[in-house]
Amino acid sequence: MDEGKKKPTLPPGATRKPTLPPGSGKKPTMPPGAGRKPTMPPGAGKKPTLPPGAGGDGAPAGLTRKDFETDQDVRWCPGCGDYAILATVQRLMPELGVPREKTVFISGIGCSSRFPYYMNTYGMHSIHGRAPSIATGLKAARPDLDVWIITGDGDSLSIGGNHLIHLLRRNVNVQLLLFNNQIYGLTKGQYSPTSEEGKVTKSSPYGSIDHPFNPITLALGADATYVARTMDRDPKHMKEILRTAHGHAGASFVEIYQNCNIFNDGAFFAYTEKDSKPDNVVFIEDGKPMTYANGKRGLKLDGYNLVSFEIGSDHSIDDCLTYNSSSRELAGIVGRLFQKPDMPQPFGVFYQVNRSTYDDQLYVQIEGIKAKKGVGDLDALLNAGDTWVVE
Ligand SMILES: Cc1ncc(C[n+]2csc(CCOP(=O)(O)OP(=O)(O)O)c2C)c(N)n1
Ligand code: SF4
Ligand SMILES: [Mg+2]
């Protein structure tokens, strides 16, 4: 039978008065405490003290960092790593040369997601975990806009895990900054998908039994075209990573280690502090040998594994692996250097490759269809086929 020629049948009950589900006519009852004034994390609202390293470098002539600041009180706890990220982004903005009215920051929910309030650009503090979807919609409608997504480890990897991976595989042309503090900050210290095994929190009083995500290999697994890691306490490195992320055409995924000094203080001190950083961090750079510990140690491949060695009498710098961010295989191996005892952890651009973006492909498709079928008529489309009136 030709389904298209059938007389339209109304969906059951379409002309009847709708029957409401039980209880839906009643005055809504609120969940306990829902009417109360929201409580902020301890210390929020106080004058901020910048964490070490938050000073960063200067801005060029023309627009300055000040032009990207707002009159909003920054409501993060004093000493929070979010301040350093905000300062770095505000310093970078004038150098990118994108007009403020063409720049949009979209966030989900969390301490980190308060970011758009503090940027004198367009912005949206949106729905928990959904910033990637809203950003995809915005880029589809306005591909000319420069869109940044701000998200936390809970926002992007718990409730928003699904939305994140689809943004990456589609290669929507945006920058996504994942503020990873390995904790739910805003809701006062529950363990998150990046918290380490055994982590004791209010929601894991006997220690977390969840295996944590490694955001870098997760992004690689979703076929992201730009994958990088940086840290709040190295603003110079952060700024250069954000600059290259911005220059990349496609979804740029940047994980930023961010200290939550209230609920997870020191989670990354091994990587960020002056005394421990050299032995625990390897900065990866294209075409450069993988050395660390102030050039005293190197990394090389032994089969599919990385091994660490001392640069000296037995091994020279020439034995070190030279990094190549266009190799997905290498990025996978190096990305797996994650919370490994006696091994450094990599920071820098793990992977970068060119692939057509979602927004470009969408417009190529639209133009192709218009050329074949002519410009569409939305009204005609909405009234085409079977329609009926619900009374
Ligand atoms: C639908 C929904 N579920 C849960 C919450 C509660 N909630 C608010 S923020 C948050 C997690 C935030 O953690 P993260 O994304 O890591 O941000 P941070 O505060 O650490 O920056 C949760 C679970 C919510 N606001 N909405
Ligand atoms: S992330 Fe932690 S330190 Fe930062 S504002 Fe939230 S609770 Fe405070
Ligand atoms: Mg968090």
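Mentor: Let's start with the pairing of strands β3 (residues 146–152) and β4, which run parallel and are joined by 5 bridges. Strands here are DSSP runs of E with at least two residues, helices are runs of H or I with at least four, and both are numbered from the N terminus. Two strands pair if DSSP finds at least two bridges between them.

A word on the model itself: it is predicted, local features need pLDDT of at least 70, side-chain atom pairs count only at pLDDT 80 or more, and totals for chains, interfaces and linings use all residues. Residues are numbered from 1 along each chain as its sequence is written, while chains are lettered from A and ligands numbered from 1 in the order in which they are written.

Now, how covered is β4? Of its 6 residues, 6 are buried, meaning that 20 or more other C-beta atoms lie within 10 Å of a residue's own; 12 or fewer makes a residue exposed, anything in between partly exposed, and C-beta atoms are placed from the backbone. In a regular strand, side chains alternate between the two faces of the sheet. On one side of β4 you will find Q175, L177 and F179, and on the other L176, L178 and N180, all of them buried. Across the protein, 39% of the 391 residues count as buried.

Helix α4 (residues 161–170) has buried residues of its own: H163, L164, L167, L168 and R170. β4 (175–180) is among the elements that these residues pack against, as are β6 (252–257), α2 (131–141) and α3. Just after α4, N171 takes a positive phi of about 60°.

Together with G110, G154, D155 and G185, G152 comes nearest among the 18 residues around ligand 1; a residue is near a molecule if its C-beta atom, placed from the backbone, lies within 6 Å of it. Helix α3 (residues 153–159) gives the most to this shell, with 4 residues. By type, the shell has 7 nonpolar, 9 polar and 2 charged residues. Here Ala, Val, Leu, Ile, Met, Phe, Trp, Tyr, Cys and Pro count as nonpolar, Asp, Glu, Lys and Arg as charged, and the others, Gly among them, as polar.

How values were computed:
Contact = placed C-beta atoms within 7 Å.
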